[in-house]
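Subject: Handing over a structure, with notes

Dear colleague,

I am passing a structure on to you, and the notes below it set out what was found there. Please look through it first and then read on.

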Amino acid sequence: MTPVSIEIKDFLGIRELKFDFNPGVYVMVGRNGSGKSSFFEALLFSLYGRGIRHDARLVKAYIRNGADRAILRFKFKRDEKIYEVIREISEKGASIAALYEVFRDGNRKRLASSPASVNKKIEQILRIDRDTFLRTFLIAQGEIDKLANEFKKGVRNLIMKMSGFDEMKQNLKDKLNNYLKDLNSQGVEKLIQELKKDLAEKGTEEELRRRRKDLYEKRTKLLEEILKLDETITKLNNYEFLYGEKEKLKEYKKRESDILKLAEKERRAEVVEKLKPLIDLTREVEENVQRKRQQLIKLKKDVDNFTREINLITYDLKKKEEMLTTLEKGLELLENKQKKMQDIIESTREAVNELKIIQSRLTDIKQEKEYYENERKKLLSNISNLEKELIDLKEKADRLLKEKEELEKLELEWMAFRISESLEDGDICPVCGGTFYKSNKKDTFLFDKGRYQKILEMYEKLNERVARKSENLNGRKEKLMEISDILKEKNDKYKQLVERKNELVRFLKSAGYYTKIESDLKKVEQELKSKRKDYEKTWKSYKDLENNLKLIEKDIERSQEKIDTLKNEISESEKTLSEQKERVTKELEKSGIKMEEVEEYLNFGKKGYQKELERIRAQIESIEERLKNVDKDIDEMYKKLKNLKSQKEGIHRNLENINQEIGKIDNVIKNVRHLKERIKTLEKKWEEISRKKEVVNRIMYLLSDSNFGDYFFKLKLKSILDIANVELINLTDGIFQFILSENDELIIKRNDRNGEELPPEALSGGEKTLVSLALAIAVSESFVGNVGALFIDEGFSALDAHNREKIVEILRRYENLGRVIIFITHFEDLSSRFANVLRMENGVMESEIAISN
């Protein structure tokens, strides 16, 4: 998987970000909370629908504060195919996902359309689950040491999953099974049995040769019969020619009869051709008459159309006159209505303006009243609450006062006790003046001084609170009185304005004014304008119709004159046509030609049938001369000849059948020899297939053994550790080296301490970082076909400047190798050493991304 691009919107600390992944090493820097780790979590969430910091059930926690949804679009390439995954998280916690394959022409094919199906499909495409991806290709903040510490725990599953071992093993098994099927499907053993059976059915070569000898003898006899028939046929061959001549004679006589009819037609065509000028003239006159009749019909139709048009125009004129009258009345009514409404508006303008001002003022006062009313209610509620609190406080103060007084009574006894402690028997008491004796002293006193001090403090505090609450209550009551006065003033003003409003409304009603009169006036004015346009349009249409009527009447007069002229011309032409037809008919009747046959003879033309007739008659005479001296019946002899040829053809067919039978026997003999050779070849092949099946079964047995998986794992593990050792030697100047114990435990060999061997957990923080980075690079390099990228979040915090310089040297080697490596760091000495720096800067409330080189 090689990342192509990512679009992030309202995800964690990132408001909106678009980034194209180009090959190279990128350093990501920025203050804490600027969205650096959010960028990596967006990559992980895009692929697997889960981030790092929140549980899978708390997906809505990934939405940026203040946004209602988060959207991710991630494109990546795998096996020369480009995929795009889209995920959306709503504030209700619902997650939407879709996966597409993107083609070179821009079209897309949907592969999955739910979060679960998208996650499953991506794991199938990458052959990496989320935990494996986190452990190898996206190393989260503070977890770079995990790869070294948990090496044994996850290394086998990691190698097997990312190498596609199970899939490869299954593919190999499938191929071997298919190979076995192919071997079995060849059916060699069955084919050998079938060939042997076929060979037995065909018979032996000796039997086939005897059958072929018998057929050769039959063929010789038939050839002798053909020779005898050929002698007789040769003698009768002349009658075949004579029979053909006789048939020709029949054809020529039939042709002679047909040509005689055509020759007569040719003669009549010559007569018609001579009369063609006269016929053409007759036709021309007839066409002229027909043309003029069509013109006359058209003119009559035109006159009828003009008449109908005049009737329609006359009807339309009448309608237009009625419309004009109606429009004039409508205009008059609208103008009167307009004037009346304008007068009302003008006479009530001042009252309307004053009413608008009063309504606006009433609205303001009403809002003010509502405000002061709400304030009054709040004050009443506060005063009620304060009075209740005062009562409670006074009751508490009274209870404390009583308890204080009780304690003060006990205080006198306590003071006497304290004085008696300092007196001896016979001393004078400084309080009462009497003589003191210890036998008179009380043994116990009930006074609790601590309790007394506490009650005294509580009593004083309660008195202070009562004073403050009383002062606050008095202030609230004064404020309530002020608001009540304001409300009274507002109510009086409101009543005055309502009375003035009612006066204005009564005046406007008496003047005929109403609220919609101005909008109605505009409608009337628009309607008046529209009516005037209609009137002008109708008047113009009326005038156009009058002009059209005059023009049509003139057209009728001109057409009537043309009709009279055409009638005269048609009468004269019909008379001429009758004379011409009579003359042509007489000339045609002399040659026996009817008028309706003229067209046929005009198209017939001169074909030269007379010469063809002479040639055919000469052929007839020649054939009759050749047949004159024949002494036998030609038909009978020709029939005998046909029978003989038919017998010869039958013998030839028998010969052909015999030859075919001989050929078949020869083929069977060849086939028998071929079958014997093929059976020998197949028997050898069956021996080879048996050996191959034994080998395949042995391989299948080895695949099912767990030792094969162990062998593959160790082979791949050795390859990874070889790469990791190269990187670790570079990182530690050859001090550290990876080795494996007998039970596949990862051991670190220290060459600076005589080859001391330590587990990874015994290393310091910085040493673990170097070891884990070497392993991460080795895994990434080994499985670059699966994931062509490496992301490290704050992985170098435990390293000193010297080791960071080593990391720079190693990562610089990957800048031009077509890989994508992005790491987050706070060290300026790292960020300044690479050309590609991604700087995450905080906006006002969100984080943005900027790229600097």
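Accessible areas in this message come from the Shrake-Rupley method with a 1.4 Å probe, and for residues only the protein chains shown count as cover. On that basis the chain exposes about 53500 Å², of which carbon and sulfur atoms supply 48%. The model is a predicted one, in which local features need pLDDT of at least 70 and side-chain atom pairs count only at pLDDT 80 or more, while totals for chains, interfaces and linings use all residues. Residues are numbered from 1 along each chain as its sequence is written, and side-chain values use heavy atoms, with hydrogens and water left out.

The chain as a whole

Of the 853 residues of the chain, 35% count as buried, where buried means under 20% relative accessible area, exposed means over 50%, and partly exposed lies in between (1.4 Å probe, protein chains only). The secondary structure comes to 18 helices and 15 strands; these are DSSP runs numbered from the N terminus, with helices being H or I over at least four residues and strands being E over at least two. If contact is taken as heavy atoms within 4.5 Å, then among contacts between residues at least 6 apart in sequence, 75% join residues at least 24 apart.

The cores

A nonpolar core is here a set of buried Ala, Val, Leu, Ile, Met, Phe, Trp, Tyr and Cys residues joined through side-chain atoms within 4.5 Å. The largest such core has 89 residues, and those with the most contacts inside it are Ile6, Phe11, Phe21, Phe39, Phe738 and Ile822. Helix α16 (residues 765-782) gives the most to this core, with nine residues. A second, separate core of 19 residues includes Met341, Ile358, Ile517 and Leu521.

Helix α16 is mostly covered, with 15 of its 18 residues buried. Its length also agrees with expectation, because at 1.5 Å a residue its 18 residues should span 26 Å, and its end C-alpha atoms are 26 Å apart; the expected span is 1.5 Å times one less than the number of residues.

Around Phe738

Leaving out residues up to four places away in sequence, Phe738 touches residues that include Leu721, Asn725, Leu746, Val771 and Leu775. Asn725 lies in helix α15 (residues 706-732) and counts as buried, because its relative accessibility is 11%. With its neighbours within four places in sequence set aside, Asn725 is in contact with Gln737 and Phe738.

Strand β9 (residues 736-740) and strand β10 (residues 746-750) pair in the antiparallel sense over five bridges, pairing being counted if DSSP finds at least two bridges between two strands. Leu740 has Leu746 of β10 as its bridge partner, and in the hairpin of β9 and β10, which has five residues between the strands, Asp744 takes a positive phi near 65°. Gly755, in the loop between β10 and β11 (756-758), touches Lys749 and Arg750 when residues up to four places away are not counted. Gly755 and Phe736 are 19 residues apart in sequence and 9.2 Å apart in space, C-alpha to C-alpha.

Which residues of α2 are buried? They are Val118, Ile122, Ile125 and Leu126. These residues are on the same side of α2, because they cover an arc of only 85° around the axis, the arc being that of the directions from the helix axis to the C-beta atoms. The face of α2 turned away from its buried side carries the exposed residues Ala116 and Lys120, and what covers the buried residues includes α1 (36-48), β4 (69-78), β5 (81-90), β6 (95-102) and β7 (108-112). Just after α2, Arg127 takes a positive phi of about 60°.

Strands β6 and β7 run antiparallel and are joined by four bridges, with Leu99 having Ala112 of β7 as its bridge partner. Their hairpin has five residues between the strands, and Gly106 in that hairpin takes a positive phi near 95°.

Two further positive phi values

Asp10, found in strand β1 (residues 2-11), has a phi near 60°, a positive value in a residue other than glycine. Asp10 counts as buried, because its relative accessibility is 10%. Glu80 has a positive phi of about 65° although it is not a glycine; Glu80 is found in the loop between β4 and β5 and is exposed, with a relative accessible area of 67%.

With best wishes
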